[in-house]
Amino acid sequence: MPADPLTPPLLEKRLETGERVMARFQVDLDQRLQFQKGLLVLTNRRLLCFEENQAGPQPFQDWALGEIAGLSMEEMGATAALHLTATAASGNRHWRFTAGLVKEADTFVACFLEQQRALDGGVPSTMAEPMEAEGDNEGLGFTDLMPDVTHGNPLLRLLKFSRPWLRLIVLGLLLTIAATSASLLTPWITGVLVDKLLIPLQTKSDEIQLRQLLPYAAMLLGTALVAWLLKWWRTFVVARIAELVTSRLRRELFEHLQSLSLIYFNKKRTGDLISRIGTDTDRLSLFISVNFIDFVCDVFQFAFTAFILFKIHPLLAFAALGPVPLVAWLVKCVRGHLLSGFAASSRAWSLMTSVLSDTIPGVRVVKAFAQEQREIARFRQTDHHVFSTNDRVNRTWSFFSPMIEMFTDLGLLIIWVVGAMTVAHGSLTVGVLWCFVTYTTRFYGRLEAMSRFFASAQRAAASAHRVFEVLDVEPDMPATEGTRRIGRLSGHIEFRDIKFRHGSRQIIRGINLNIAPGEMIGLVGPSGAGKTTLVNLACRFFDVSEGAILVDGQDLRDIHVEDFRKNIGLVLQEPYLFFGTIGDNISYGKPDATREEIIAAAKAARAHEFIMKLVDGYDSMVGERGQQLSGGERQRISIARALLIDPAILILDEATSSVDTETEREIQRALDNLVHGRTTIAIAHRLGTLRLANRLVVLEDGRISEIGTHEQLLKTSGTYARLHQAMQEVSQA
Amino acid sequence: MNPPATHFDLQRNPAGNLMFTDAAGVVHDNVLPLRLFPLTDPDRWVAITSSGGQDLACIEDLAALPGPTRELLLDALAQRDFVPLILSIHAILRAAHGYEWHVTTDRGKTHFTVENDESIQPLAGGSIVVMDHRNTRYLITDPATLDLKSRQRLERYY
């Protein structure tokens, strides 16, 4: 047993010979709920308590196991307490800790009970040894749902993402360099033109013929053409790279999202996720294809013009480029400001998208409650937020271009003054000066473009960060990704002492239930009792916190998830139809189903007759904007969908709750066909749905409170009898 | 499930209604044949329904029927079917609500209004269905077989 890092020497010192540590639990609060660490240690003889604050009133306390009458945990909202009742009242003690530790506390209490039982029964306590190891290794597993901190610069990671197209990228760069060189030739040719042709023509000093202009014109035309061709090629190659990279990003984002569990989607806003896949990747595409490549061009031209300038006339170059360090310093100053500004603007944007994706699907509720004005106000507010964040960051970067223009003018002024003097001095020709001025203008132009790149790079970095944030979320299910491949199950399900905790909330508090193949179980109980959670666990949308679910005797966590889900038919309260034809929707779970199978499933689900009457029959479009179907009709299509895959296990989650009685009867007949010969777990508020159930299970507060047939449960006059009574009254009224 | 296609009889009675005799010999007057997959598989899966909308029989393949029965059935189906096949597109013009399509179909020249992008939908097997603002459906069986001009016009909107 390794010693605890908190108090290694202390613990060793306190242990008697032959005493073994069985379990440990570290509390993080004191009695007044101040953060303060403490350690509870359970040995095979005693319970020891150490406090971090050694100067406190009771840094160490211990109880022999025989002195302890009971140890229990109480959840108290955000915190919880462990109560120790001693045989002597003076020995009572309470510990407090944050709710995140509840699971560990539970394990500790279980270990304690095990020890006490071992002590009472005289069984050697080594029996319980494995418990301790388990309790230790569990760690804080459940609270670790937060995404990892994004590693490294997001733009550099983007570069890593584009590795498969390295050759294309190299081609793009080469083309860029070639195109830039071609366009850089122009001022040089013009300079020579001025010196060799224009000045002599003006001064008429030599015998110059105008036709000597021709080769220069041809050269200028040639470079323009070559530059045009190269730039065309380059732009296309770079745009293709950008599309390839962002398409890969979008694809991986979507694939990654599909691998995440429902818990993640419950936490995230749809609009935000859509905007990350859509808007943010689009921004990145624009960045790569336009801004980034422009930047590479600019850097190249920048360096090249600087080189040419110094080559032509070092002194003049020095004078002209004087203001450059000042610009560099200014850029550095506003860097952080820009980055945070663009991040804020991106967040504001996704907030606005969220409001939209909230309001537009919920428009019926909005209108029904006459809350249009409120939604308008809400949108106006988020829109104003977008405006003000953008406005703030615009103020900073818009400062740049004019400033650089100013520096250009300044640099040119210097050149004209210094240049005029050198020309007068005779060490410089007018043509060279002309060439120099053109290069300097270009130089500052590049500088301005580079400063603009700076803004767009920060914007892209903010987008890339949002994209990688999603990609970095560890899928929380496949920690125990099952590998066992299975075929068709017989449908035996066993819930073995399962518990489930979501955040700090214990939803399932210990359920034991054995469901035979072909049996139908009706789940009833007040809302919030954990019915839906239980079926979600059975579908393995979540994993149990403790205990195990066994199907056909195998732990659910060992089974290949997709194989398992092929055995499950799910009918929900709100049937979700995808955009497409009715036929496609019915065959959703088995895309290769024949038309005969589709029709048979629809007939069994009692959907065939109304589908036949639609003008396009099975080819009718349904989904968001398709054919208007009633709730009952949609539900029957979803039942046909479940029937078609012929599942061994059927889960009905309030399948009849949202329809009228007449439709319910129709659905009921459809369901009768469906449940036949399958293990069924049905949740229902309308108890009529459960008349075929072999057993009814009443859930209350995460536990099974009653179990039995309809008649048995009525006789016991418990919760079920009350629910039944209430239902009767409702239907009579 | 369904009686095999040959175990029934279909006649037209003097009043012009379809009379259906099922496998058990029961005669149903005034029956209505319906295509179950009118767009994706028009020649198979035809249901015969009673005047009350009840499903009487389902014919998997029309080609397997004896000639006269098939003729009768196709004739009855043709009375109700109206899904013109677009053969060429002459123009797609901006209109007050959506776009006005000018086309030649297998039923002649016509024009209709398409309200939005969602009215043009791909179907399984590569065909495209276009729904106009009055819910009439037009089918393009294979865009690749349209002439070049029509294809270019289609590509601007789909």
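## Basis

Residues are numbered from 1 along each chain as its sequence is written, while chains are lettered from A and ligands numbered from 1 in the order in which they are written. Because the model is predicted, local features need pLDDT of at least 70 and side-chain atom pairs count only at pLDDT 80 or more, while totals for chains, interfaces and linings use all residues.

Strand β1 of chain A covers residues 21-29, and strand β2 of chain A covers residues 35-43. Strands here are DSSP runs of E with at least two residues, helices are runs of H or I with at least four, and both are numbered from the N terminus. β1(A) and β2(A) pair in the antiparallel sense over seven bridges; two strands pair if DSSP finds at least two bridges between them. A:Ala23 has A:Leu42 in β2(A) as its bridge partner. Five residues lie between the two strands of this hairpin. In its turn, A:Leu33 has a positive phi of about 60 degrees.

β2(A) also pairs with strand β3 (residues 46-51) of chain A. That pairing is antiparallel, over five bridges. A:Gly38 has its bridge partner, A:Glu51, in β3(A). Two residues form the link in the hairpin from β2(A) to β3(A).

## A four-strand sheet in chain A

Strands of a sheet pair through backbone hydrogen bonds, either parallel or antiparallel. In chain A, an open sheet of four strands has the order β9-β8-β11-β12, with antiparallel pairing. β9 (505-515) and β12 (554-555) of chain A each have a single partner strand, so one side of each has no neighbour in the sheet.

Strand β8 (residues 493-502) of chain A meets strand β11 (residues 546-551) of chain A over five bridges, in the antiparallel sense. A:Glu494 is opposite A:Leu550 in β11(A).

## Helix packing in chain A

Two packed helices are described by the angle between their axes and the distance between the axes. Helix α8 (residues 270-312) of chain A packs on helix α14 (residues 430-471) of chain A at about 155 degrees, with axes 6 Å apart. Axes are lines fitted to C-alpha atoms, for helices over the stretch in contact, and angles run from 0 to 180 degrees between N-to-C directions. α8(A) is therefore roughly antiparallel to α14(A). The cut-offs are under 35 degrees for roughly parallel, over 145 for roughly antiparallel, 65 to 115 for roughly perpendicular, and oblique for the rest. The crossing of α8(A) and α14(A) is left-handed; this applies if the near helix is turned anticlockwise from the far one by less than a right angle, and right-handed if clockwise. Their contact has 22 nonpolar, seven polar and nine charged residues. Ala, Val, Leu, Ile, Met, Phe, Trp, Tyr, Cys and Pro count as nonpolar, Asp, Glu, Lys and Arg as charged, and the others, Gly among them, as polar.

Helix α18 (residues 595-604) of chain A packs on helix α20 (residues 631-644) of chain A at about 125 degrees, with axes 8 Å apart. That angle makes α18(A) oblique to α20(A). The crossing is right-handed. On α18(A), the contact residues are A:Glu597, A:Ile598, A:Ala601, A:Ala602 and A:Ala604; on α20(A), they are A:Ala640, A:Leu643 and A:Leu644. Two residues are in contact if their C-beta atoms, placed from the backbone, lie within 7 Å. By class, this contact has seven nonpolar, no polar and one charged residues.

## Chain B

Chain B has two helices and 12 strands. Of its 158 residues, 22% are buried, meaning that 20 or more other C-beta atoms lie within 10 Å of a residue's own; 12 or fewer is exposed, and in between is partly exposed.

An open, antiparallel sheet of three strands runs β4-β5-β6 (chain B). β4 and β6 of chain B are its edges. The twist averages 25 degrees from one strand to the next. Five bridges join β5(B) to β6(B), and B:Arg44 has B:Asp61 as its bridge partner in β6(B). Helix α1 (residues 67-80) of chain B packs on the sheet and touches β4 and β5 of chain B.

## Where the chains meet

Contacts link 17 residues of chain B with 14 residues of chain A. β4 (32-35), β5 (44-49) and β6 (55-61) of chain B each give two or more residues to this side of chain B. β5(B) has the largest share, three residues. The chain B side has nine nonpolar, four polar and four charged residues.
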